[in-house]
Amino acid sequence: AAHHLARRDSATLAFVGCGLQARCHLEAFAQMFPLKRVRALGRGAANRERLLAMARAMGLEAEDCATPDAVLAGADLVVSSVPHTGIREPFLDPDLLAPGSFVAITE
């Protein structure tokens, strides 16, 4: 879907959830888009650091974000792989998405 719907010049990829799905998306999106930076927000420090290390190894800027607002602000591509179970309140503000950004929500 991202290949057909996202802007071709997408440079900033944001992850909400940093496990295996995020790493797979990073590999795929790095082949499709001229990525420059990756932002990550997730509960598990080990997964977050593994994802960011992978991005750095690919020559990308990598930022560990402390808040949902920080991870979303200005992102061209967003991948959320947070399971909906246990989440009672929305924590991502769609108003922070850049115009024309692509969002993939997986579980």
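Here are some questions and answers about this predicted model of a protein chain.

User: Hello! Which helices and strands does the protein chain have, and in what order do the elements run from the N terminus on?

Analyst: Welcome! The protein chain has four helices and five strands. Read from the N terminus on, the order of the elements is α-β-α-β-α-β-α-β-β.

User: What radius of gyration does the protein chain have, and what would a compact globule have?

Analyst: The C-alpha trace spans about 35 × 30 × 20 Å along its principal axes. A compact globule with 107 residues would have a radius of gyration near 13 Å, and the protein chain agrees with this, at 13 Å.

User: Let's look at one helix. How many Å does α3 reach from its first C-alpha to its last?

Analyst: Helix α3 covers residues 45–57, which is 13 residues. At 1.5 Å a residue, 18 Å would be expected, and the reach of α3 is close to that, at 18 Å.

User: Within what arc do the buried residues of α3 fall?

Analyst: The buried residues in α3 are Arg48, Leu51, Leu52, Met54 and Ala55. Seen down the axis of α3, these buried residues line one face of the helix, because they fall within an arc of 155 degrees. On the other side of α3 are the exposed residues Ala46, Arg50 and Ala57. So the arc of the buried residues is 155 degrees.

User: Is arginine 48 buried or exposed?

Analyst: Arginine 48 has its place in helix α3. Leaving aside neighbours within four places in sequence, arginine 48 is in contact with Cys18, Ala40, Leu41, Gly42, Arg43 and Asp64. Its relative accessibility is 15%, so arginine 48 counts as buried.

User: Which side chain of opposite charge is nearest to arginine 23?

Analyst: Arginine 23 sits in helix α2. Beyond its neighbours within four places in sequence, arginine 23 is in contact with Cys18, Asn47, Arg50, Leu51 and Met54. Arginine 23 is buried yet has no salt bridge. At 7.2 Å away, the nearest side chain of opposite charge is glutamate 27.

User: How many salt bridges does a search of the whole structure find?

Analyst: One example is aspartate 9 with arginine 7, where the closest N and O atoms are 3.4 Å apart. Another is arginine 39 with glutamate 63, at 3.6 Å. For the whole structure, the search finds six.

User: Which residues are linked with Arg7 in a network of salt bridges?

Analyst: Arginine 7 is partly exposed, at a relative accessible area of 29%. Its salt bridge with aspartate 9 has closest N and O atoms 3.4 Å apart, and its salt bridge with aspartate 76 is 2.3 Å, N to O. The residues linked with Arg7 in the network are Asp9 and Asp76.

User: How many residues apart in sequence are the parts that aspartate 76 and arginine 7 tie together?

Analyst: The side chains of aspartate 76 and arginine 7 meet in a salt bridge. Aspartate 76 lies in the loop between α4 (68–72) and β4 (77–80), and arginine 7 in the loop between α1 (2–5) and β1, so the pair ties together parts of the chain that are 69 residues apart in sequence.

User: Which strands do arginine 39 and glutamate 63 link?

Analyst: Arginine 39 and glutamate 63 form a salt bridge, with closest N and O atoms 3.6 Å apart. The pair links distant parts of the chain, 24 residues apart: arginine 39 is in strand β2 and glutamate 63 is in strand β3.

Conventions. Residues numbered from 1 in each chain as written. Predicted model: local features only at pLDDT ≥ 70, side-chain atom pairs only at ≥ 80, totals over all residues. Heavy atoms only, no water. Helix = DSSP H or I, 4+ residues; strand = E, 2+ residues; numbered from the N terminus. Expected span 1.5 Å × (residues − 1). Buried < 20%, exposed > 50% of the residue type's maximum accessible area, 1.4 Å probe, protein only. Arc of directions from axis to C-beta. Lys, Arg positive; Asp, Glu negative; His and termini not counted. Salt bridge = Lys/Arg side-chain N within 4 Å of Asp/Glu carboxyl O. Contact = heavy atoms within 4.5 Å. Rg over C-alpha atoms; globule rule 2.2 N^0.38 Å.
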